[in-house]
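Please open the model in your viewer and keep the selection panel at hand. The stops below go from one element to the next.

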Amino acid sequence: MKLSDVKKLHQKKFRTQFGFYLVEGEHLVLELINVAQHDSSTLGDITLYVTADYEAWLKEKLDSSVSNMKVETVSSQQMQQLSDTKSPQGIIARVPLPNSALYSERSQTSISANKSSAEKYIYLYEVQDPGNLGTILRTLAWLGDFTLLLSPNSVDPYNSKAVRSSMGAIFHVNMELNVALESLGERFERFAFLDMNGSNITSNTFGDYQCYLFGNEARGVPVDALSKLNATAYTIAGSGKIDSLNLASAVNICAYELTR
């Protein structure tokens, strides 16, 4: 790819067109290298763009046995053009989008619910904040055994803000994109969601569900959809001094409860 095309990957339409996204900064690239060195087949062919200042660092961190990473040295001016930060560190990776992230309906049916599995599914309906999404990814990666489902009209997890917020967790969480809310009934039998009037999530029954539904930061999950799915309401008990939790905080508390 031309560098002018690489820069375009900060926009979702070009990520979709070219099939790549960008990972920027020392911490994220180091996590990417660690993943590649353990199982390069999961990532595909990666191109690392580095300034001269990072060439020695890269030689130290990158195992010569990793065959799927190509390195291109660029000038500081070119790095400034590639980056979407004011003061780029000097290292950016161009990474292939996973097959499940190519925004096609066909790809969304590739993972079916295994009713005998301990794995849980977290469904986010039209989440808009990339920071929330990145934080949720970090928690799910930390706890393990979760698949994240994102509805249409959700923020793209491969945009630069979400990738940065995930702190590398995006490489470790199974995700499906563009999963329609109305399609969930064909995959799962039991659903849970959060509501102020629900049972406490510390209840012994909270872990008995296959799919946990969380709504848009402002609107939640549509009530009619919850009714059609016969979803069961639970609540996170609080002091009562405020009337809501941040979406990422709510998901993180529930995910932790499910792994206790």
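Buried here means under 20% relative accessible area with a 1.4 Å probe, protein chains only. This is a predicted model, in which local features need pLDDT of at least 70, side-chain atom pairs count only at pLDDT 80 or more, and totals for chains, interfaces and linings use all residues. Residues are numbered from 1 along each chain as its sequence is written, and side-chain values use heavy atoms, with hydrogens and water left out.

With side chains shown on strand 1, Phe20, Leu22 and Glu24 point one way, while Tyr21 and Val23 point the other way.

Next, select Arg187, in the loop between strand 7 (174-176) and strand 8 (191-200). Arg187 is buried, with a relative accessible area of 15%, and its side chain makes a polar contact of 3.1 Å with that of Glu176 (a pair of N or O atoms within 3.5 Å; within protein, one must be able to donate a hydrogen and the other to accept it, and residues adjacent in sequence count only if both atoms are side-chain atoms).

Finally, select helix 6 (residues 130-143) and helix 9 (residues 247-259), whose axes come within 9 Å and cross at roughly 10°.

Conventions
Helix = DSSP H or I, 4+ residues; strand = E, 2+ residues; numbered from the N terminus. Buried < 20%, exposed > 50% of the residue type's maximum accessible area, 1.4 Å probe, protein only. Axes fitted to C-alpha atoms, helices over the stretch in contact; angles between N-to-C directions.
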